[in-house]
Amino acid sequence: MKDKLHVYIKQFGLPRIIIVTFLLSLCVLAVIYNLSIAGLLSDTLVRTGMHGVLVLAMVPGILCGIGLNFGLPLGILCGLIGGLVSIELDLVGFPAFTTAILVSIPIAIVVGWGYGVLLNRVKGSEMTIATYAGFSAVSLMSIGWMILPFKSDEIAWIIGGGLRTTITLTGRYDKILNDFAAISIGNLTIPTGLLLFLIAMNLIVWVILQSKAGIAMKAVGDNPRFATAAGLNVNKYRTFGSILSTVLGAIGIIVYSQSFGFIQLYQAPMFMGFSAVAAILIGGATVKKASISHVFIGTFLFQGLLVVALPVANKMLTAGSLAEITRIIVSNGIILYALTQVGGGE
Amino acid sequence: MAELIGVNKKATIWDKIKRFSLNNMVTIMFVIICYIGFYYSELSFAFFVNDLITRIARNAFLVLALIIPVLAGMGLNFAIVLGAMAGQVAIIMVTHWGIVGWQGFLICVVISAPIAIIFGYLTGKLLNKTKGQEMITSLILGFFANGLYQLVFLIMVGSIIPMENETLLLSTGVGLRVSIDLTGGLKYAIDDLIRWTLPRTLMMIGCVSILIGGFNIYKYTKGVPNYLKSKVKLRMINYSIAGLAFVIYSFVITNGSSLLNNIRVPIVTMVIIGLLCLFNIFISKTKIGQDFRTVGQDRHVATVSGIKSDKIRVTAIVISTLLAAWGQLFFLQNLGTLSTYGSHEQVGMFAIAALLIGGASVTKANIGHALLGTVLFHTLFIVSPIAGKNLFGDAQLGEYFRAFVAYGVIGLSLGMHAWKKQLQGKKL
């Protein structure tokens, strides 16, 4: 019995146990402090839907063998371009949202292809280089945002000097998925459209993973040598995974922006990759293994933690930003844990 | 890249130049970028030199802290952020106690040492568990430690850790202020001990250089073994000529009305940086330095030949973290303001970018790379906002360009290294 428990704990991972316990104790505190549980739950649902696609972008990356995709900002930047183009074209509502996605996908495919080729050249240090590829792309695009020829008043400063730092989506596609067929039960609001979209995206990825290309990709990620022996082109399928991941990152940021109500440019995308990485790891993924269920569990747990931590921390301490600190410690802690599990020790 | 050039035929001068420029692509590119930036920034030379000397005194120590882990094959130690934190903890304590001047600085040095050693030890242990992924681990570790640092100084100080100090704490009594002014305390604690004007400094450097040259001439006349002959000859000529040039140049400046006469160089800081350089040379020649290199070249060979590679790796990181802590002390005493939650954040990135710009790589770094890189990177720092403003009418553009360069150069050189390794792996 004790052995079984031990094995179970080892499989589940100590940090995950700590995080779940922490979340539960926060919930208990929330009840004690008389916070609205329904409100917290609907916030968590919204944020799960909001971040879900970005977290989903991790799955193809992990499965094709490039590891945790810290280069997610590349995809995010493509999505932002799509989002801006649809405003520039003066579209409103669902057409705007769809156009944003449709514009960003081809850009993301090209960028993802380049990214995949880059990562094929640097096997073994993908994660470090992906991080810096992301960082430098964000800085480069910061220059880009200052000189890109967007004309719309909503996007660009009227006096010149580039694009606005945050662009309001009110009247464009602000919360368009969140409000679609939203169900309210008392204080609890279920963002049906948002969750349906997330489920649909997951379904699409699942179908791709079951296809011939998907299975080949998983084989390549699992054991490159074996895959080569079986006649698979390792580099080709790794590139395929990178493209998929980048495209999902692009769609993810559009979903995120519509839920957030703003498009954030310049330095904002810099650290978004880290949150997504942390979420999927909390869900039970490792550097080598990930599944669709990890996306749901991880996003829900991580965002739940952040949603509950904020009001509880505010009740406990008036000063300080305990919730933000919790986010930093939890997300980076879980990434560190995952890295120690790679088995680099000989 | 060097192997792309034909090795069979006798290397002509042209080939040599070609090989040199291929191997030092990043550095050469930077010299060009810096020159263009300087040209368009329209800064006066004296102002520029003054700024540059300040920045070298401020940053060189931190860049030098990176060299030893590279020798030990652990790549670029992004975790010097932890060392910087240790330094800041000491500064916060000393400022709280109100100890000022060089005495305060010495106490900072003493207090930060054990903290940095503990941090370094833990970092080393963690990096031993993530072999092959040291750089991403140390990067994330920096972020993680930053979270803990904020937890301690934003939440715990004043609530769990008793502390009363109106100037340091926020008005609520919990958490430290976002920025702490060190003026009248640790500011210029070391820099202001001795300051010489630039001509005088140049003169002194020139004299020392001539002395070294003279010593080599003496050695040469007394007779040296054949295999050392060319080396000593080269040394005596180089040092003597450089020394003479410095002395003459210092006379030229003193007799002219150049603004360069007004530049005052913080001698003690510079001497300490020089000593650190000597320490780095010294340690690489001792037994432990050899061990670092052996472990860095091949861990398995090292283990087989009886070196405890894990222990050596931890030692390398401990030294690096300790030096980073002291480096941060020098950095902050020069800067004069401690940004409590921000000063340490970018230390790792900037130091690493500087080292790489100087021509170092993941497996190769020396003092020359560190110093040259510091000069080039900080030249870019000085000129890029002003050049950005003059060229595009916006200083922000220059700043983004600078950030892009810092991130890009790290990404690029890590990428080049990984690619080379992959190509070599295929050949074998």
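Start with chain A. Its radius of gyration is 20 Å, which agrees with the value near 20 Å for a compact globule of 346 residues. Keep in mind that this is a predicted model. The model scores are ipTM 0.84 and pTM 0.85.

**Stop 1: chain A as a whole**

Select chain A and switch to cartoon view. Look for 14 helices and four strands. Along the principal axes, its C-alpha atoms fill a box of roughly 65 × 55 × 35 Å. Now colour by burial. Of the 346 residues in chain A, 51% count as buried. Next, think about how the chain folds back on itself. Take the contacts in chain A between residues at least 6 apart in sequence: 75% of them join residues at least 24 apart.

**Stop 2: Ser25(A)**

Select Ser25(A), which sits in helix H2 of chain A. Is Ser25(A) buried or exposed? It counts as exposed, because it has 12 C-beta neighbours inside 10 Å, and the cut-off for exposed is 12 or fewer.

**Stop 3**

Phi of Asn34(A) is near 65°, a positive value in a residue other than glycine. Asn34(A) counts as exposed, with 8 C-beta neighbours inside 10 Å.

Jump to Tyr266(A). This residue is in the loop between strand S4 (262-264) and helix H12 (272-282) of chain A. Phi is positive here too: for Tyr266(A) it is near 55°, again in a residue other than glycine. What about its surroundings? Tyr266(A) has 21 C-beta neighbours inside 10 Å, so it counts as buried.

**Stop 3: where the chains meet**

Show both chains. Here 38 residues of chain A are in contact with 39 residues of chain B. Stay on the chain A side. Helix H6 (94-121), helix H7 (126-147) and helix H14 (322-340) of chain A are the elements that give two or more residues to this side. Which of them gives the most? Select H7(A): it gives 13 residues to the side of chain A that touches chain B. Then colour that side by residue class. You will find 20 nonpolar, 16 polar and two charged residues.

**Stop 4: chain B as a whole**

Chain B has 16 helices and four strands. Its radius of gyration is 23 Å, close to the 22 Å that the globule rule gives for 428 residues, so chain B is as compact as a globular protein of that length. The C-alpha trace of chain B spans about 75 × 65 × 55 Å along its principal axes. Colour by burial again: 45% of the 428 residues of chain B count as buried. Of the contacts in chain B with a separation of 6 or more, 75% come from residues 24 or more positions apart.

Switch to colouring by confidence. The mean pLDDT of chain B is 84, and 97% of its residues reach 70 or more. Now zoom in on residues 1-8 of chain B, where the pLDDT is below 50. This stretch has eight contacts in the model beyond near neighbours in sequence. Where pLDDT is low, the predicted coordinates should not be read in detail.

**Stop 5: helix H10 of chain B**

Select residues 267-285 of chain B. This is helix H10, with 19 residues. From first C-alpha to last, H10(B) reaches 27 Å, close to the 27 Å expected at 1.5 Å a residue.

Show the side chains. Which residues of H10(B) are buried? They are Thr269(B), Ile273(B), Leu276(B) and Asn280(B). These four cover an arc of only 50° around the axis, which puts them on the same side of H10(B).

The face away from the buried side carries exposed residues, among them Val271(B), Leu275(B), Phe282(B) and Lys285(B). Then bring back the neighbours. The cover over the buried residues of H10(B) includes helix H3 (45-64), strand S3 (264-266), helix H13 (309-335) and helix H15 (367-392) of chain B.

**Last stop: Gln346(B)**

Select Gln346(B), in the loop between strand S4 (337-339) and helix H14 (347-357) of chain B. Gln346(B) is partly exposed, with 15 other C-beta atoms within 10 Å. Finish with a distance. Gln346(B) and Ile205(B) are 33 Å apart in space, C-alpha to C-alpha, and 141 residues apart in sequence.

Definitions and conventions:
Residues numbered from 1 in each chain as written. Chains lettered and ligands numbered in written order. Predicted model: local features only at pLDDT ≥ 70, side-chain atom pairs only at ≥ 80, totals over all residues. Rg over C-alpha atoms; globule rule 2.2 N^0.38 Å. Buried ≥ 20, exposed ≤ 12 C-beta atoms within 10 Å, placed from the backbone. Contact = placed C-beta atoms within 7 Å. pLDDT = per-residue confidence, 0-100. Nonpolar A, V, L, I, M, F, W, Y, C, P; charged D, E, K, R; others polar. Expected span 1.5 Å × (residues − 1). Arc of directions from axis to C-beta.
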